[in-house]
Amino acid sequence: MPSRPLVRAVLAALSAAVLSVAVSEQEAMGRSIMDKGKGASAEVTQRVKEPEQIVPSRSPSDALAPRTSALKDPSRLRIPVHPTKGTLEHTGRLIVKFADGLGVRASRRLGSALHSDGPTDLSFTNATLARYGATVRQAIDLDTDVIDGLLRRAFERSGRVQPDLRAMMIVEGIGEHSLVSAAQQLLALPEVQWVEIERKTGLAGGGGGCDGCGPPCGQDCRVENPGPFCGDSVCCELVGGVRPICTTPADEGGRWDEVCAALANLLCTPSAFGGGGYDTCLQPDPLPIFYEEAVVFGGSCFVPRAGVGCVEAECCRNTCFADVTCCTIAWDEECAALAMGIEECFRTSGYNFPGGKPTGNPFNPNPQSTSPLFDQQMLEIPQPPFAAPGSAPLALYTTARRAPDPYGGPNPPPPDLGPFEQFADVTRYRGGGLDLNAFAFLQNQFPGGGPFFNGRTITIGVVEPSALVDHEDLAVNPDGSGGTKILVEPGQTPLIICDQTVPPPTFSGSFYTAPQHGTAVLGVLAANVNEFGVSGIAPEATIRFYPTESVEAQGRLLTALTNATSQLSTPTATDPEPGNVILAPIQESGQPIWTSPSRAQVMNVGIDAGVTYVVPAGNAAQPVLEPEDEIGALAAANSITVGGCNPGFEASEPAVIGAGLNYCRTGISNFDTSGAGLVTVAGWGSGVCTLGYGDLFCGEIASVSDPCQTNLLRTYTARFGGTSAGAAQIAGVAALVQAFSKQIYEGLPLSPQNIRALLLAQSSIYPQCGTPGLPGTPDPAWVGDTLIGPGDASIGGFPNMRRIGVSIVSGTIGDENLFGGNDCTYKIICGTGISGNTFSIRELDRKFLRARTARPGRGQSASGLGPPVYYPPVSRILDLQVVRPTQLSNPQELLSVNVQVAGRPASSGTVIVSVFLYNARFNRWTWIGAQPMADVDAPLVFGLGPCSESQDFLANINGTQSIAARVIAYPLGSSGQVEIWYDRILIDFNNPLIPIPPPCGP
């Protein structure tokens, strides 16, 4: 063993050399991540200065380098068109991303000019905007500290250079006919990285070429149009009298959107049922183009009213075929009575009523004081022996099976479906929900489960246009009192618009902001476990709601998404390792939101910061588009994209077919044909019982503060569906998985990539059905007969919660480890722990053990295992004792050993890492080397020198043959506390790649 003076001499020499190298590296780097606001100057070349990284790169191989060639291709700038409707889908706005490092800035409110924090000349850019009469503002309306803090956290966790989100701008005021040319001219500027013609997500915007009803507009009144007015002057004026925005000039914000088109179909003649073209039932074949509008505008099929048609399109069509006046004159008493006798009118509602048919009006506000327990039949199901009495989940999609298998055995007796018969009659499906009882049972077998059950410790952020957050089943107290438990984004109020000019029913409330959709999503996630209504998948998770359409601001999707990402990635005193989930149940032009560069850019930052995103695949029955650029490809590859599946198999199919139809794709769900897993997993796309709408139950309640919410806060539905419903289920699953991970792994969550891999793995899902299309079906993609061949119409599979729980416990996904890379444990001998645990040091996964240096004790030594280790004369030290069990039976079996350390200091300065191994034979610590802690991710390797006997380092520690090391970090030139981050510390042994120490002598 080298003498102590020699060790100190070596360390001193190393320190001097390392300090010199580190200083030059720091100067080249420009600024450290903790030195906020002190940007290095950049050399200016003509008008554009050299890009400066928002956060310095730690490793060139790890820097995010988008394929800007694809983003700079002007041919990709096209007016977006809906894939099934054929309608233009733009908002009238451009989103322009300026190159990182230029410091291009604009006002957060509507402005007219750009400026730069540096010497970049933007006069030509501003002149280009002025030529088109455009205004510009920062796309993300958040404080600088919020955005920069998010970028810093993303960099610290990932090591990747982050994009300058403040250099993303919204450009508006350009006429539709000039959108493409303006976008191409801006894209050609050297300071512009990419340009996006923003697609519709909710509210439409932008201009149009018409200036009045009727010819020469020539637009079809029955479908959505990019601008106001339509070609049928009589219909156009009728709709405009009901909803003025449909016939307001384009420069004043007018638009003929889906709502105008739906009103045209409802109000204009001649009706399709009388030989004309307007479809009163709002559901033309082959896809429900006006599905959501039908819910809003159609009244109950069982209640007479002055309007035509009713809410259920299938029921509406069948009734109107029987009596055409129901769709041409009025839905009167005879139509309501007729609907009560038509089977199709009970396909998706009324399953909890005696005989499977409602005895009253599900839309007329019910005066009873307590809402029904809609799925009380679940309590009658014989539960597994591990289920506590009354613990059955109170939502049908949370239970493993809804019916016994009617096809079991060679001569099965007639199945006794009991309370399931009505559900099967009205939904057509059996079996196939989430087995949350089994998941909870497994979770209960491990200590510390209480704080983590039902999604506790996890926050789910929901980014939606609007929602009825004061719903009775979303209250703080399970009995419906105490106000809402939903935490709405500070400074924002969900926008609920009450338009009394719209035909009844008034229970549906606003159609502008779709609050019923958001309410249904919240119900799937978090409805209370109580004696009425339904129960959510993760009812004890913290739910934060971020409205994209608020009283204070509209069209704020990017801002809401970024603010949710920032808040859910921020560590807190009680949650230093957040593993939170963001659900954005929004589609853009029928495609996932990561097909938009701006949305994908924010998502990539959030994924690097540890946020798990769950988004729907879309409801256009189309293949999901493969991303054209690296920004979208990264977001698609690291987020969870959810398709819609049928809940189990069709009850009416014979045994030979029924057995193969589990989890088939719903007809409207998008799918993946690339084989790249663009659609990760599926949730139920139909038959979801949750909050909102009121088709199942609508109880009387006067809103306390908002008359537009009267009789809307005790509403329930049995017909929520689409990929939004599926995404809500999977977001709840992700929260449960994260909570279980924190329970098992001492507070450590899974990474977004791990959760996605878990849901992709065949070992943890029920596979999607593989039955070819049924005879006579024209196009399997449209009708949902999914896998014709590998990769055709794939929606992944449906989560198998039992197997997912086992994967979490075992720490593996198939052959891949979640956390179990090695089994080293540590103890801080000198220093202060901040966050992380034993599992943080087991993998190179950027789940850091974070600790601060501390002043060593008297005599510059500290004791752990064996005798004290003496420290060099520096002011502060971080000393970890690391132990790894070997399962070796005797010292002679230990042939080689080394220690690998991967980590970095959290601030600038030089840190030396010195490593010792415990020599059990001589009961002393043997120094095996010292190296500077590099600002890269490659591990430092410390091995035994000549004359070392490997077997001397196997020690009996607490009854197990183990190897122990001391990893001591000490900063040079700093008298204050220094924070050190360790990603992995590995004691490796008997690895063929580890050199065996050479013997002494020649």
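Predicted model: local features only at pLDDT ≥ 70, side-chain atom pairs only at ≥ 80, totals over all residues.

Colleague: OK, which side chain does Asp141 meet in a salt bridge?

Modeller: That's Arg109, at 2.6 Å from N to O. Asp141 sits in the loop between β6 and α4, and Arg109 in the loop between β4 and β5, so the pair ties together parts 32 residues apart in sequence.

Colleague: And is Arg109 buried or exposed?

Modeller: Arg109 counts as exposed, at 51% relative accessibility.

Colleague: Why would two side chains pair up like that anyway?

Modeller: Side chains of opposite charge can pair when their charged atoms come close.

Colleague: New topic: what does Asp575 form a salt bridge with?

Modeller: With Lys742, and their closest N and O atoms are 2.5 Å apart. Asp575 is in the loop between α14 and β13, while Lys742 belongs to helix α18, so this pair links parts 167 residues apart in sequence. Both Asp575 and Lys742 are buried.

Colleague: What about Arg76, what's its partner?

Modeller: Glu628, in a salt bridge of 3.3 Å, N to O. Arg76 lies in the loop between α2 and β3 and Glu628 in the loop between β16 and α16, so they tie together parts 552 residues apart in sequence. Arg76 is buried at 19%, whereas Glu628 is partly exposed at 44%.

Colleague: Which residues are linked in a network?

Modeller: Arg93, Glu198, Arg199, Glu588 and Arg599 are, through salt bridges.

Colleague: And how many salt bridges are there?

Modeller: The count comes to 24.

Conventions. Residues numbered from 1 in each chain as written. Heavy atoms only, no water. Salt bridge = Lys/Arg side-chain N within 4 Å of Asp/Glu carboxyl O. Helix = DSSP H or I, 4+ residues; strand = E, 2+ residues; numbered from the N terminus. Buried < 20%, exposed > 50% of the residue type's maximum accessible area, 1.4 Å probe, protein only.
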